[in-house]
Amino acid sequence: MPNVKDCPGFETFGADVQQAHEAVKMSRRELAENVGIDPRYLANIENKGQHPSVQIFLELMSRY
């Protein structure tokens, strides 16, 4: 699975997702349920730099 180090310019994506859902007072669990993914997967995206699939990326981007 690709990591942030492999994609320059993508370094802040996880932090950006986290800030966006916190700004609207939505928990990680709520966002994960809305997107249809496991909260642990979302935590890995936010905290460990895991890249989401294209489908999940688009789902996350469409929320904000």
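## Helix α1

The face of α1 turned away from its buried side carries two exposed residues, Gln19 and Ala23; exposed means over 50% relative accessible area, buried under 20%, and partly exposed in between, for a 1.4 Å probe and protein chains only. Helices (H or I, at least four residues) and strands (E, at least two) are DSSP runs, numbered from the N terminus. The model is a predicted one, in which local features need pLDDT of at least 70 and side-chain atom pairs count only at pLDDT 80 or more, while totals for chains, interfaces and linings use all residues. Residues are numbered from 1 along each chain as its sequence is written, and side-chain values use heavy atoms, with hydrogens and water left out.

The buried residues of α1 are Phe13, Gly14, Val17 and His21. Seen down the axis of α1, these residues fall within an arc of 105 degrees, so they line one face of the helix; the arc is that of the directions from the helix axis to the C-beta atoms. An α-helix has 3.6 residues a turn, so residues three or four places apart point the same way. The cover over the buried residues of α1 includes α2, α3 and α4, where contact means heavy atoms within 4.5 Å. After α1 comes Lys25, whose phi is positive, near 60 degrees.

## Helix α3 and its ends

Helix α3 spans residues 39-48, and its residues Tyr41, Leu42, Ala43, Ile45 and Glu46 are buried. Among the elements that cover them are α1 (13-23), α2 (28-35) and α4 (54-62).

Following α3 is Gly49, which has a positive phi, near 75 degrees.

## Arg29 in helix α2

Arg29 belongs to helix α2. Is Arg29 buried or exposed? Arg29 counts as exposed because its relative accessibility is 52%. Arg29 and Ala43 stand 14 residues apart along the chain, and their C-alpha atoms are separated by 9.3 Å.

## The chain as a whole

The protein chain has four helices and zero strands, which gives the pattern α-α-α-α along the sequence. Of its 64 residues, 31% are buried. Among contacts with a separation of 6 or more, 56% are between residues 24 or more positions apart.

The protein chain exposes about 4300 Å², and carbon and sulfur atoms supply 52% of this area. Accessible areas come from the Shrake-Rupley method with a 1.4 Å probe; for residues, only the protein chains shown count as cover.
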